[in-house]
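This report describes a protein model from its overall make-up down to single residues. Please have the sequence and the structure open while reading.

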Amino acid sequence: MKHAVIGTAGHVDHGKTTLIRALTGVNTDRLREEQDRGMTIELGFAPLTLPSGRMAGVVDVPGHERFIKNMLAGASGVDVALVVVAADEGVMPQTEEHLDILELLGVRHGVVAITKSDLVEEDWLELAIEDVRGRLAHTRLAGAPVLPVSAVTGQGLDLLLQALDRALDEAMSDPDSWSFARLPIDRVFAISGHGTVVTGTLVGGAVRPGDKLELLPARREVRVRGVQVHDAPTDEAVHGQRVAMNLSGVDRDQVERGMVLARPGMLSPSRMYDAELDLLPSAIPVEHRTRMRLHMGTAEVMCRVRVIGAAEAIPGERAYVQLELEEDGVAARGDRFIIRTYSPSVTAGGGRILAPASDRRRRMKEATIREFEVLAGDDEAALARLFASHITSEISAPASAESVAREMVREQSEVRAILESDVAAGGMVAFGESPSSRGYMPRSDWDGICARMEEALRGYHSRAPLRAGMPKEQLRTAAFPGWDGKAFSVAFARAVEDGLMRDNGVLVSLPEHEVTLTAQQRSLAERLEAAFSDGDALMSPPERAAAIAIAAPVAVQGRAQAQGQAQGQGSADVTAAESVLDYMIDTGVLMRVGPELLFHRDALERAMSIVKELGAGGRAFTAAEFRDACGSTRKYAVALLECLDSSKVTRRVGDERVLGSGGPL
């Protein structure tokens with residue numbers, strides 16, 4: 001299951017912490033100073049159980065402008081924003097700045113809570129809601145639910161939880177950014193007898209007790225002694241969870257907020273990053289080499305902004321820049337950042353890291369600008385290890401020449417020439433015919449992929465000899481759980497083209513795999529077919545378990561025991577019947593209708609014949625008429641009609657149906 005983090009945003013005294021306490025039962029103001037002053041100073045954390053039953057982590061951030069540094073540290077790992085606006089004050093200066101920060105960080109999912117709604121008149125509440133909607137209209141959060149609530153009376157809290165649940169659904173559909181373990185540290189402390197403990201949001205991969213990680217930028221190897229999620233020990237924490245880790249190999253005074261824990265060798269500290277920068281329309285122009293405050297992840301570091309291709313970056317526009325840090329930073333391609341003016345400290349803009357840089361660019365040179373344009377293109381899983389790959393548990397997908405060029409910061413034409421030369425020499429495998437869209441992979445990786453797919457298929461055929469093949473998606477997840485469907489399709493198509501496996505539609509098999517039934521299995525198939533096709537069963541078929549019981553009755557077990565056979569003979573017959581049933585589905589004798597029902601293929605033919613009669617001459621007919629003509633119940637009739645609808649044999653118009661334009665099922 002994917003996990004996500006909810007982060008608060010909003011002006012001081014608008015009730016963020018009070019709202020979180022009402023939702024979670026946790027007071028996130030853990031410091032005595034915060035409780036005495038009634039104002040959040042540091043980041044606070046709480047688990048939130050949503051109506052769906054899943055648990056999300058909540059990060060409560062300070063609302064006062066003096067603590068914006070702490071707010072930025074908490075906002076860096078947020079998937080869903082909970083924007084809090086007090087009904088009696090509306091959008092205030094820190095509301096504006098927090099919304100700017102969320103926009104610059106690329107947060108696309110959120111909910112707005114209008115707090116203290118019990119303290120204002122209805123007309124005033126409507127004005128506050130419209131004020132918020134107007135402010136969000138041209139942001140990534142446009143269209144986010146805006147809900148009046150009261151943490152005191154409980155008004156609207158149920159609706160707020162439901163809206164957060166839906167927002168998390170949307171956030172969880174976003175692709176994961178990183179497959180390797182990566183945690184920006186936002187809190188460090190020591191526990192007597194346990195040593196150093198760090199917390200943060202896991203923005204990639206998974207972490208388990210015993211794992212070795214690299215503490216960056218210190219380049220120090222540490223070991224994870226224990227992992228907790230929401231104060232409970234766990235065997236594994238995964239991407240999107242709030243995590244606490246007990247570390248060995250490092251003292252408390254050697255770790256600080258802003259550092260990063262990552263899988264060893266995956267990230268390297270740098271003092272120079274190529275980036276694209278978006279300045280807020282309200283900002284002042286940023287001249288070349290302006291000194292600014294850079295916030296990346298949970299870190300704040302001073303930097304110089306080197307503007308590429310222009311004398312200055314213009315407010316409201318995007319610019320290419322190099323960020324020249326005054327101390328080592330840790331970032332990867334695609335990371336978001338915020339820049340703030342040095343003094344007074346005001347949010348000026350933000351953007352996206354394109355790549356670490358080894359040195360300063362010749363900033364006004366045309367070739368430099370072209371390189372930045374390539375780097376700023378669509379991110380396609382850049383592969384730094386393409387030319388020195390080896391078989392591991394995480395074989396990468398084929399890379400395009402464009403993605404390799406971005407990673408290598410070289411011209412596409414040059415990179416493609418190198419790749420095609422390696423293909424001709426046999427060291428590289430190419431996927432696809434068009435030079436502009438070909439993907440590339442080292443031969444050693446391709447051989448490993450083929451071996452994995454063959455091993456997975458051979459094992460499946462051994463376990464399920466009556467299945468025509470293994471479902472493609474099951475093959476993908478079994479052999480390459482980290483791959484997306486597109487990447488797997490490319491590799492699969494090449495394997496079929498090379499004759500390594502056979503494509504059977506939704507199933508895939510080894511070329512030599514053939515399905516043959518024994519005499520006993522043929523007998524089971526006949527009994528199963530009769531269970532679905534004889535008499536009333538044709539249009540009112542049995543459920544799967546009932547059909548299995550008909551074909552392999554419990555009496556078989558009793559007879560087997562009476563004859564002195566093994567006690568498991570009856571269950572073996574049931575297993576055989578289940579295998580034969582799956583074989584009949586694969587061969588089209590039985591057809592799935594909806595998520596649960598199976599019909600004999602003759603039932604589908606009869607259903608088509610009935611709807612053609614009922615809908616002759618353009619006549620509309622109801623589900624009840626179809627049910628009566630079938631001689632079945634509404635359960636089966638509706639399932640058949642929905643199947644016919646999906647194939648466009650019928651088309652629903654209100655509560656009736658008419659014939660559609662579809663052909664055979």
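## Basis

The model is predicted: local features need pLDDT of at least 70, side-chain atom pairs count only at pLDDT 80 or more, and totals for chains, interfaces and linings use all residues. Residues are numbered from 1 along each chain as its sequence is written, and side-chain values use heavy atoms, with hydrogens and water left out.

## Overall make-up

The protein has 19 helices and 34 strands. Of the 665 residues, 48% are buried; buried means under 20% relative accessible area, exposed over 50%, and partly exposed in between, with a 1.4 Å probe and protein chains only.

A contact means heavy atoms within 4.5 Å. Among the contacts with a separation of 6 or more, 65% are between residues 24 or more positions apart.

## Nonpolar cores

In soluble globular proteins, nonpolar side chains tend to be buried together. A nonpolar core is defined here as a set of buried Ala, Val, Leu, Ile, Met, Phe, Trp, Tyr and Cys residues joined through side-chain atoms within 4.5 Å. The largest core contains 56 residues, and I114, L294, V305, L323 and F337 have the most contacts inside it. Helix α3 (residues 68-75) provides the largest share of this core, five residues.

With neighbours within four places in sequence left aside, I114 is in contact with V85, A87, L125, I129, V132, V146, L147, P148 and V149. A second core, separate and of 26 residues, includes I6, A46, L48 and A163.

## The second largest pocket

Pockets and cavities are found on a 1 Å grid over the protein atoms alone: a cavity is a set of points where a 1.4 Å probe fits but cannot get out, whereas a pocket is an open set with protein on both sides within 12 Å along at least five of seven lines, and lining residues have an atom within 4 Å of a point. Grid points are joined across faces, edges and corners, and a volume is the space filled by probe spheres set on the points. The second largest pocket has a volume of about 580 Å³. Its lining consists of 27 residues, of which R187, T199, Q228, D231 and A244 are the closest to the centre.

Strands β2 (44-49), β3 (55-60), β7 (182-191), β8 (195-201), β11 (220-229) and β14 (242-248) each supply at least two lining residues. The largest share, five residues, comes from β14. By class, the lining has 13 nonpolar, ten polar and four charged residues; Ala, Val, Leu, Ile, Met, Phe, Trp, Tyr, Cys and Pro count as nonpolar, Asp, Glu, Lys and Arg as charged, and the others, Gly among them, as polar.

## Strand pairing

Two strands pair if DSSP finds at least two bridges between them. Strand β19 (residues 299-308) is mostly covered, with seven of its ten residues buried. Seven bridges join β19 to strand β18 (residues 290-296) in the antiparallel sense, and M292 has C303 in β19 as its bridge partner. These two strands form a hairpin with two residues between them, and G297 in the turn has a positive phi of about 60°. Strand β19 is also joined to β21 (residues 318-329) by six bridges, again antiparallel, with R304 opposite E324 in β21.

An open sheet of three strands has the order β27-β29-β28 and antiparallel pairing. Its edge strands, β27 (470-471) and β28 (502-504), each pair on one side only. Three bridges link β28 to β29 (residues 507-509), and R502 stands opposite S509 in β29.

D165 is placed in helix α6 (residues 157-172) and is buried, at a relative accessible area of 8%. Not counting residues up to four places away in sequence, D165 touches L50, P51, S52 and R54. R135 lies in helix α5 (residues 122-136) and counts as buried because its relative accessibility is 18%. With the sequence neighbours up to four places away not counted, R135 touches E96, L99 and D100.

T234 lies in the loop between β12 (232-233) and β13 (237-238) and is partly exposed, with a relative accessible area of 22%. Leaving aside neighbours within four places in sequence, T234 is in contact with P209, V227, Q228 and V229. The C-alpha atoms of T234 and P209 are separated by 8.5 Å, and the two residues are 25 residues apart along the chain.

Key:
Helices (H or I, at least four residues) and strands (E, at least two) are DSSP runs, numbered from the N terminus.
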